[in-house]
Amino acid sequence: MSEDTPQGTIRRREGCTSATDAGQSGCLLEEWFEPLPRLSELILARHDRPLVTVSYAQSVDGSIATRNREQLRLSSHQSMVLTHRIRAACDAVVIGIKTLLVDDPLLTVRLIEGTSPQPIVLDSKLRIPLQARLLNRTDRRCWLACTDNHVSERVGEVQSRGAEVIRCRRDLRGMVDLSDLLYQLGRRGIRNIMVEGGSQVITSFIKARLVDQMIITIAPCLVGGLPVLDRPAAGNGSLLGFNPISYQSCGPDIVIWAQPRWQDP
Ligand SMILES: NC(=O)c1ccc[n+]([C@@H]2O[C@H](COP(=O)([O-])OP(=O)(O)OC[C@H]3O[C@@H](n4cnc5c(N)ncnc54)[C@H](OP(=O)(O)O)[C@@H]3O)[C@@H](O)[C@H]2O)c1
């Protein structure tokens, strides 16, 4: 992304004050959607992996769910429309198994016209319940990323429910190694992915520096719930900043479009 966007840019824009606006041109979001295919090809050629966009909704205090990890409806309708536009623009959408266990999402595009992305669940031990709604979808087979030591009768069970299993290397914490997963996704023709959460998955992508851009919806409320990051974003007490960064109103919410600015390790 950085090759195509001026450095040190901060932009603010009024806009997207209605659901219709979120689906129309004239907003900053067009500046994100239009170059996405070209940037995805660039990242694939340069890094041998799909472009990664992390996108989630948080309260003003940075909560993405309740403290007990119960689902919270934070986004306004207008922001949900935007989320569905981002989904439709991406080849795949990635969530963690705990988000599936709590939310049981479909991950389809429903609020606008568009193609639903390939659903992918990070599920090292294949804990997915066989009645999960993602396994009932007829339009797309769910892809489950598990670890390579995980060969069990669960593989056959989830495959019999239509899921496709992607075996990945283990990372230092015994979870799915994200670099290996992204490499395999690139080989499967996935050019860009949207990471929707939850907290552990977002943190892992950031810690691995495998994030090209972030789209953060901030809802005007306080929760005191589950923080978006479960570990520090950067080591030694330093901050992970964004550059460039844009702000936009979307109904009652604020949407931040930003690229992480990685510091030297
Ligand atoms: N506001 C929002 O936008 C938003 C969006 C999504 C979710 N949420 C909320 O987030 C909460 C769930 O978040 P969470 O942090 O508890 O769980 P999570 O991030 O959804 O899932 C974490 C689990 O994914 C698996 N995993 C496999 N490989 C991983 C890797 N490399 N890095 C991280 N995890 C990996 C691990 O389980 P295994 O070891 O068993 O594989 C891990 O425990 C829910 O309350 C949900 O409602 C909010």
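**Close-up views of a predicted model**

View 1. Leu 240 is partly exposed, since 16 other C-beta atoms lie within 10 Å. By definition, a residue is buried if 20 or more other C-beta atoms lie within 10 Å of its own, exposed if 12 or fewer, and partly exposed in between, with C-beta atoms placed from the backbone. The structure is a predicted model, in which local features need pLDDT of at least 70 and side-chain atom pairs count only at pLDDT 80 or more, while totals for chains, interfaces and linings use all residues. Residues are numbered from 1 along each chain as its sequence is written. Leu 240 is placed in the loop between strand E10 (226-227) and strand E11 (241-250). Helices (H or I, at least four residues) and strands (E, at least two) are DSSP runs, numbered from the N terminus. Leaving aside residues up to four places away in sequence, Leu 240 touches Ile 206, Ala 233, Ala 234 and Pro 260; such a contact requires C-beta atoms, placed from the backbone, within 7 Å. The C-alpha atoms of Leu 240 and Trp 262 are separated by 6.7 Å, although the two residues are 22 residues apart along the chain.

**View 2. Helix H4, residues 77-89.** Of the 13 residues of H4, 10 are buried, so the helix is largely enclosed by the rest of the structure. Among them are Met 80, Leu 82, His 84 and Arg 87. At 1.5 Å a residue, H4 should span 18 Å, and its end C-alpha atoms are 19 Å apart, which agrees. The expected span is 1.5 Å times one less than the number of residues.

**View 3. The largest nonpolar core.** This core has 63 residues, of which Val 121, Leu 144, Ala 145, Ile 193, Val 195 and Phe 205 touch the most other members. A nonpolar core is a set of buried Ala, Val, Leu, Ile, Met, Phe, Trp, Tyr and Cys residues joined through C-beta atoms within 7 Å. Not counting residues up to four places away in sequence, the contacts of Val 195 include Val 52, Val 94 and Phe 205.

**View 4. The shell around the ligand.** Of the 31 residues around the ligand, Ala 65, Gly 96, Lys 98, Gly 197 and Gly 198 come nearest. Elements giving two or more residues to this shell include strand E2 (51-59), strand E8 (192-197) and helix H8 (199-207). Helix H5 supplies the largest share, 5 residues.

Notes: Contact = placed C-beta atoms within 7 Å. Near = placed C-beta within 6 Å.
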